[in-house]
Amino acid sequence: MSQTTQPDPAKLAASKAAVALVEDGMRLGLGTGSTANVMVQELARRIQAEGLKLRCAATSQATADLAESLGIKIETLDEIGWLDLTIDGADEIDPDLHLIKGGGGAHLREKIVAAASDRMVVIADPNKVVDQLGAFPLPVEVLQFGFETTRKLIRRALDRLDLGQIDVLQRLKGSDPWVTDEGNWILDLHMGIIPDPVALARALSAIPGVVEHGLFLGMCSKAIIGKPDGTVVEL
Ligand code: 5RP
């Protein structure tokens, strides 16, 4: 998003509400994606207006670049050590606050940062709220080594879970493989519905070439859903 474009009102409302949770001295994780970008801009405004002293780690190079362009210093997660709060977007949010993430291909770093945070607050517009996860294709970051073998192993795991016919498609950028910040490739699993996210997460994590999947189970403490009229609902 260019800095002169008006942000989507729902994303702006959620971002403002999440940034209002930030207190002076906090150690923050900054998420990735178009909603997180709005949040980073709001955070930069608060830092400038109030002179907040924060320590920030980014979940992607894109977020680090945006934050630094707005005057927010980015440190590595290891330099900071532990985070008070991570604010990130999501592709789907279910009633248990289980998430699908990785639409922007950053779910590996996002999960590491969220796991190193006391709280993960998710910001989203109402389209992201679902009764059951799975309509959004589930991103799985996979090593380039043995990529096709890993794809076969994923298909076998899905068959064992008796989930029916599922397309397991490589994410592309143009005609080239999409490459993550960690140099890996992504498979998108077109699940439709995920009846048992815990069983699927366990099965995917057990496959050696899988680096990380986009199911975030039990990691989100609160979701702030912004509405087009500028109000928010908390889940
Ligand atoms: C990136 C993510 C994003 O948070 C997710 O894709 C939501 O992005 P957006 O706010 O642009 O809809 O998980 O890996």
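Student: What should I know about the model and its numbering before we start?

Tutor: The model is predicted, so local features need pLDDT of at least 70 and side-chain atom pairs count only at pLDDT 80 or more, while totals for chains, interfaces and linings use all residues. Residues are numbered from 1 along each chain as its sequence is written.

Student: What makes a stretch a helix or a strand here?

Tutor: Both are DSSP runs numbered from the N terminus: helices are H or I with at least four residues, and strands are E with at least two.

Student: Why are α2 and α3 called roughly parallel?

Tutor: Helix α2 (residues 34–50) packs on helix α3 (residues 61–69) at an angle of about 25°, and their axes are 10 Å apart. That angle makes α2 roughly parallel to α3. The label covers angles under 35 degrees; over 145 is roughly antiparallel, 65 to 115 roughly perpendicular, and the rest oblique. The axes are lines fitted to C-alpha atoms, for helices over the stretch in contact, and angles run from 0 to 180 degrees between N-to-C directions.

Student: Which residues of α2 and α3 meet?

Tutor: Ala36, Asn37 and Val40 of α2 meet Thr63, Leu66 and Ala67 of α3. By class, this contact of α2 with α3 has 4 nonpolar, 2 polar and no charged residues. Contact requires C-beta atoms, placed from the backbone, to lie within 7 Å. For the classes, Ala, Val, Leu, Ile, Met, Phe, Trp, Tyr, Cys and Pro count as nonpolar, Asp, Glu, Lys and Arg as charged, and the others, Gly among them, as polar.

Student: How do you know that α1 and α2 are oblique to each other?

Tutor: Helix α1 (residues 9–19) and α2 pack at an angle of about 50°, with axes 9 Å apart. The two helices are therefore oblique to each other. Their contact divides into 7 nonpolar, 3 polar and 4 charged residues.

Student: What is the handedness of the crossing of α1 and α2?

Tutor: α1 passes α2 in a right-handed crossing, and the crossing of α2 and α3 is right-handed too. In a right-handed crossing the near helix is turned clockwise from the far one by less than a right angle, and in a left-handed one anticlockwise.

Student: Why is α1 described as largely enclosed by the rest of the structure?

Tutor: Because 9 of the 11 residues of α1 are buried. Among them are Ala10, Leu12 and Val19. A residue is buried if 20 or more other C-beta atoms, placed from the backbone, lie within 10 Å of its own, exposed if 12 or fewer, and partly exposed in between. The cover over the buried residues of α1 includes α2, β3 (83–88), β6 (117–124), β14 (222–226) and β15 (232–234).

Student: How do you know that the buried residues of α3 line one face?

Tutor: In α3, Thr63, Ala64, Leu66 and Ala67 are buried. Seen down the axis of α3, these residues fall within an arc of 165°, so they line one face of the helix. The arc is that of the directions from the helix axis to the C-beta atoms. Turned away from that buried side are the exposed residues Asp65 and Ser69. The buried residues pack against β1 (27–30), α2 and β2 (55–58).

Student: What puts the buried residues of α7 on the same side?

Tutor: Pro197, Leu200, Ala203 and Leu204 are buried in helix α7 (residues 197–205). They cover an arc of only 130° around the axis, which puts them on the same side of α7. Val198 and Ser205, on the other side of α7, are exposed.

Student: Why does Ala201 count as partly exposed?

Tutor: Ala201, in helix α7, has 18 C-beta neighbours inside 10 Å, so it counts as partly exposed. Leaving aside neighbours within four places in sequence, Ala201 is in contact with His213, Leu215 and Leu217.

Student: Is Asp162 buried or exposed?

Tutor: Asp162 has 7 other C-beta atoms within 10 Å, so it is exposed.

How values were computed:
Contact = placed C-beta atoms within 7 Å.
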